[in-house]
Amino acid sequence: YEAKTTTDQRSGLTIGDVLGDGANGTADNALQPGEMIRSIELPSPLEGERALYRRAISRTHAEWPLVEVCARVVIKDGTFQFVRLAAGGIAPVPLRLAAVEAALLGKRANVATIAVAAKQATSGAKPLPMTGYKLDLLKGVVQDLLERLAG
(Lines give C-alpha, C1' and ligand atoms only; values in the text may rest on other atoms or scores of the structure.)
Protein backbone atom coordinates (compact mmCIF):
# COMPACT_ATOMS: atom_id res chain seq x y z
CA TYR A 1 0.00 0.00 0.00
CA GLU A 2 3.04 2.25 -0.13
CA ALA A 3 2.58 3.06 3.54
CA LYS A 4 4.86 5.53 5.31
CA THR A 5 5.98 4.77 8.85
CA THR A 6 7.08 7.16 11.58
CA THR A 7 9.12 6.00 14.53
CA ASP A 8 10.28 7.88 17.59
CA GLN A 9 13.57 8.52 15.71
CA ARG A 10 12.73 8.73 11.98
CA SER A 11 9.86 9.53 9.63
CA GLY A 12 8.82 8.76 6.07
CA LEU A 13 10.06 5.16 6.27
CA THR A 14 8.89 2.61 3.73
CA ILE A 15 7.97 -0.93 4.70
CA GLY A 16 11.36 -1.96 3.29
CA ASP A 17 13.06 0.53 5.62
CA VAL A 18 11.20 -0.95 8.61
CA LEU A 19 11.47 -4.64 7.75
CA GLY A 20 14.66 -4.75 5.70
CA ASP A 21 15.09 -6.82 2.57
CA GLY A 22 15.01 -10.19 4.32
CA ALA A 23 18.73 -10.82 3.80
CA ASN A 24 19.26 -11.13 7.56
CA GLY A 25 17.17 -14.13 8.53
CA THR A 26 17.88 -13.56 12.23
CA ALA A 27 16.20 -10.12 12.35
CA ASP A 28 12.45 -9.59 12.09
CA ASN A 29 12.86 -5.86 11.42
CA ALA A 30 15.42 -3.22 10.49
CA LEU A 31 14.68 -0.79 13.31
CA GLN A 32 17.47 0.54 15.49
CA PRO A 33 17.75 -0.93 19.01
CA GLY A 34 15.03 0.68 21.14
CA GLU A 35 13.34 2.39 18.15
CA MET A 36 9.54 2.24 18.31
CA ILE A 37 6.92 2.66 15.60
CA ARG A 38 4.64 5.62 16.34
CA SER A 39 2.40 5.63 13.25
CA ILE A 40 1.73 4.10 9.86
CA GLU A 41 0.07 6.23 7.20
CA LEU A 42 -1.67 4.71 4.20
CA PRO A 43 -2.20 6.80 1.07
CA SER A 44 -5.74 7.68 0.02
CA PRO A 45 -7.23 5.32 -2.57
CA LEU A 46 -6.78 6.38 -6.17
CA GLU A 47 -9.84 7.18 -8.24
CA GLY A 48 -11.33 3.87 -9.37
CA GLU A 49 -8.97 1.81 -7.21
CA ARG A 50 -9.85 -1.76 -6.37
CA ALA A 51 -8.03 -3.72 -3.67
CA LEU A 52 -8.11 -7.33 -2.59
CA TYR A 53 -6.31 -9.75 -0.27
CA ARG A 54 -6.11 -13.50 -0.82
CA ARG A 55 -4.29 -16.29 0.97
CA ALA A 56 -3.69 -20.01 0.74
CA ILE A 57 -3.88 -21.90 4.02
CA SER A 58 -3.62 -25.53 5.06
CA ARG A 59 -6.61 -25.46 7.43
CA THR A 60 -9.97 -23.75 7.41
CA HIS A 61 -9.57 -21.64 10.55
CA ALA A 62 -6.83 -20.13 12.72
CA GLU A 63 -3.97 -20.88 10.39
CA TRP A 64 -1.09 -18.73 9.21
CA PRO A 65 -1.15 -18.33 5.45
CA LEU A 66 1.23 -20.45 3.44
CA VAL A 67 1.15 -17.70 0.82
CA GLU A 68 -0.69 -14.38 0.90
CA VAL A 69 -1.05 -11.61 -1.67
CA CYS A 70 -2.40 -8.09 -1.41
CA ALA A 71 -3.15 -6.06 -4.53
CA ARG A 72 -4.21 -2.56 -5.50
CA VAL A 73 -5.24 -1.90 -9.09
CA VAL A 74 -6.90 0.71 -11.22
CA ILE A 75 -8.51 -0.66 -14.35
CA LYS A 76 -9.77 1.95 -16.80
CA ASP A 77 -11.21 1.20 -20.24
CA GLY A 78 -10.36 -2.47 -19.72
CA THR A 79 -6.66 -1.78 -19.16
CA PHE A 80 -4.48 -1.97 -16.06
CA GLN A 81 -3.55 1.66 -15.36
CA PHE A 82 -2.05 1.14 -11.89
CA VAL A 83 -0.86 -2.10 -10.28
CA ARG A 84 0.73 -2.85 -6.90
CA LEU A 85 1.18 -6.36 -5.53
CA ALA A 86 2.90 -7.63 -2.41
CA ALA A 87 3.24 -11.22 -1.20
CA GLY A 88 3.87 -12.71 2.21
CA GLY A 89 4.75 -16.17 3.45
CA ILE A 90 7.38 -16.63 0.76
CA ALA A 91 10.37 -14.85 2.33
CA PRO A 92 11.42 -13.52 5.73
CA VAL A 93 9.70 -10.21 4.82
CA PRO A 94 6.81 -9.28 2.51
CA LEU A 95 7.96 -8.90 -1.09
CA ARG A 96 6.75 -6.58 -3.81
CA LEU A 97 5.92 -8.48 -7.00
CA ALA A 98 7.41 -5.91 -9.36
CA ALA A 99 7.70 -8.34 -12.30
CA VAL A 100 3.96 -9.04 -12.15
CA GLU A 101 3.21 -5.32 -11.91
CA ALA A 102 5.37 -4.62 -14.98
CA ALA A 103 3.72 -7.45 -16.94
CA LEU A 104 0.26 -5.95 -16.30
CA LEU A 105 0.76 -2.20 -16.53
CA GLY A 106 -0.85 -0.83 -19.69
CA LYS A 107 -2.14 -4.28 -20.70
CA ARG A 108 -5.70 -5.52 -21.15
CA ALA A 109 -7.36 -6.79 -17.96
CA ASN A 110 -8.26 -10.23 -19.26
CA VAL A 111 -7.64 -13.86 -18.34
CA ALA A 112 -4.84 -14.35 -20.90
CA THR A 113 -2.85 -11.30 -19.76
CA ILE A 114 -3.32 -12.21 -16.12
CA ALA A 115 -2.16 -15.82 -16.70
CA VAL A 116 1.06 -14.61 -18.33
CA ALA A 117 1.66 -12.03 -15.58
CA ALA A 118 0.99 -14.54 -12.76
CA LYS A 119 3.88 -16.68 -14.03
CA GLN A 120 6.18 -13.73 -13.25
CA ALA A 121 5.27 -13.98 -9.53
CA THR A 122 8.07 -16.51 -9.01
CA SER A 123 10.66 -14.61 -11.05
CA GLY A 124 13.99 -14.83 -9.24
CA ALA A 125 12.62 -17.13 -6.52
CA LYS A 126 15.11 -19.25 -4.59
CA PRO A 127 12.95 -21.46 -2.38
CA LEU A 128 14.39 -23.40 0.52
CA PRO A 129 14.39 -27.19 -0.02
CA MET A 130 11.08 -27.83 1.73
CA THR A 131 9.22 -24.75 0.46
CA GLY A 132 9.33 -25.18 -3.32
CA TYR A 133 5.62 -26.06 -3.33
CA LYS A 134 4.89 -22.43 -2.46
CA LEU A 135 5.86 -21.34 -5.98
CA ASP A 136 2.77 -22.97 -7.49
CA LEU A 137 0.62 -21.65 -4.64
CA LEU A 138 1.92 -18.12 -5.21
CA LYS A 139 1.18 -18.21 -8.95
CA GLY A 140 -2.31 -19.56 -8.28
CA VAL A 141 -3.15 -17.00 -5.61
CA VAL A 142 -1.88 -14.14 -7.79
CA GLN A 143 -3.91 -15.34 -10.76
CA ASP A 144 -7.10 -15.84 -8.70
CA LEU A 145 -6.77 -12.45 -7.02
CA LEU A 146 -6.16 -10.57 -10.29
CA GLU A 147 -9.00 -12.33 -12.10
CA ARG A 148 -11.36 -11.33 -9.30
CA LEU A 149 -10.17 -7.72 -9.44
CA ALA A 150 -10.56 -7.64 -13.22
CA GLY A 151 -14.12 -8.87 -12.76
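Buried means under 20% relative accessible area, exposed means over 50%, and partly exposed is what lies in between, with a 1.4 Å probe and protein chains only. I start there because D77, at 68% relative accessibility, counts as exposed.

Some housekeeping. This is a predicted model, in which local features need pLDDT of at least 70 and side-chain atom pairs count only at pLDDT 80 or more, while totals for chains, interfaces and linings use all residues. Residues are numbered from 1 along each chain as its sequence is written, and side-chain values use heavy atoms, with hydrogens and water left out.

Back to D77. It sits in the loop between β4 and β5; helices (H or I, at least four residues) and strands (E, at least two) are DSSP runs, numbered from the N terminus. The phi of D77 is near 55 degrees, a positive value in a residue other than glycine. E2 is also not a glycine and has a positive phi of about 55 degrees. E2 lies in the segment before β1 (4–7) and, at 39% relative accessibility, counts as partly exposed.

Now the helices. The axes of α3 (residues 111–118) and α4 (residues 134–150) come within 9 Å and cross at roughly 150 degrees. Axes here are lines fitted to C-alpha atoms, for helices over the stretch in contact, and angles run from 0 to 180 degrees between N-to-C directions. The crossing angle makes α3 roughly antiparallel to α4, a label given to angles over 145 degrees. On the α3 side, the contact (heavy atoms within 4.5 Å) is made by V111, I114, A115 and A118. On the α4 side, the residues are K139, V142, Q143, L146, E147 and A150. By class, that is seven nonpolar, one polar and two charged residues. Ala, Val, Leu, Ile, Met, Phe, Trp, Tyr, Cys and Pro count as nonpolar, Asp, Glu, Lys and Arg as charged, and the others, Gly among them, as polar.

What about the core? A nonpolar core is a set of buried Ala, Val, Leu, Ile, Met, Phe, Trp, Tyr and Cys residues joined through side-chain atoms within 4.5 Å. The largest one has 23 residues, and those with the most contacts inside it are V69, L85, V100, L104, V142 and L146. At least two residues each come from β4 (67–76), β5 (79–88), α2 (98–104), α3 and α4. Which element supplies the largest share of this core? That is α4, with six residues. Leaving aside residues up to four places away in sequence, V69 touches several residues, including L85, L138, V141, V142 and L145.

Key
Parallel < 35°, antiparallel > 145°, perpendicular 65-115°, else oblique.
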